[in-house]
Amino acid sequence: MENAEIIIKLTPDEALVLSDWLERVQMTDLSRLVDDEAVWAPIHRLAGTLDKSLPGIFAADYGERLSAARRRLRPASDDAANDHAASD
């Protein structure tokens, strides 16, 4: 098992939201967040794999797709709280 690969399965929504977050994280000053250089290899590999697997990240309606994916992934309680706040 020492040489076995780890396989992670994500839904398309999970992959899209994670890909966007990883992109934003990589563009910031990560020295505060990532204090071990060894972590960069898997971060870059994961981000690259997601980029290759998500042709929608280059679509003209990417922002809309991302927003829709985020809404679908948020817990239902957040939706109810947001609906209540909007009606106040």
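1. Helix α1 and helix α3 (residues 62-73) pack at an angle of about 115°, and their axes lie 9 Å apart. Axes are lines fitted to C-alpha atoms, for helices over the stretch in contact, with angles running from 0 to 180 degrees between N-to-C directions. Helices are DSSP runs (H or I, at least four residues), numbered from the N terminus. The angle makes α1 roughly perpendicular to α3 (65 to 115 degrees).

2. The model is predicted: local features need pLDDT of at least 70, side-chain atom pairs count only at pLDDT 80 or more, and totals for chains, interfaces and linings use all residues. Residues are numbered from 1 along each chain as its sequence is written, and side-chain values use heavy atoms, with hydrogens and water left out.

3. The crossing of α1 with α3 is left-handed (the near helix is turned anticlockwise from the far one by less than a right angle). In α1, residues D13, E14, L16, V17, D20 and R24 meet Y62, R65, L66, A69, R70, R72 and L73 of α3, contact being heavy atoms within 4.5 Å. By class, this contact has six nonpolar, no polar and seven charged residues (Ala, Val, Leu, Ile, Met, Phe, Trp, Tyr, Cys and Pro count as nonpolar, Asp, Glu, Lys and Arg as charged, and the others, Gly among them, as polar).

4. For α1 (residues 12-26) and α2 (residues 40-53), the packing angle is about 130° and the axes are 10 Å apart. That makes α1 oblique to α2. Their crossing is left-handed. The contact is made by A15, L18, S19, L22 and Q26 of α1 with W40, I43, H44, L46, A47, L50 and D51 of α2. Its classes are eight nonpolar, three polar and one charged residues.

5. α2 also gives the most to the lining of the largest pocket, with six residues. By class, that lining has ten nonpolar, two polar and two charged residues.

How values were computed
Helices (H or I, at least four residues) and strands (E, at least two) are DSSP runs, numbered from the N terminus. Angles under 35 degrees count as roughly parallel, over 145 as roughly antiparallel, 65 to 115 as roughly perpendicular and the rest as oblique.
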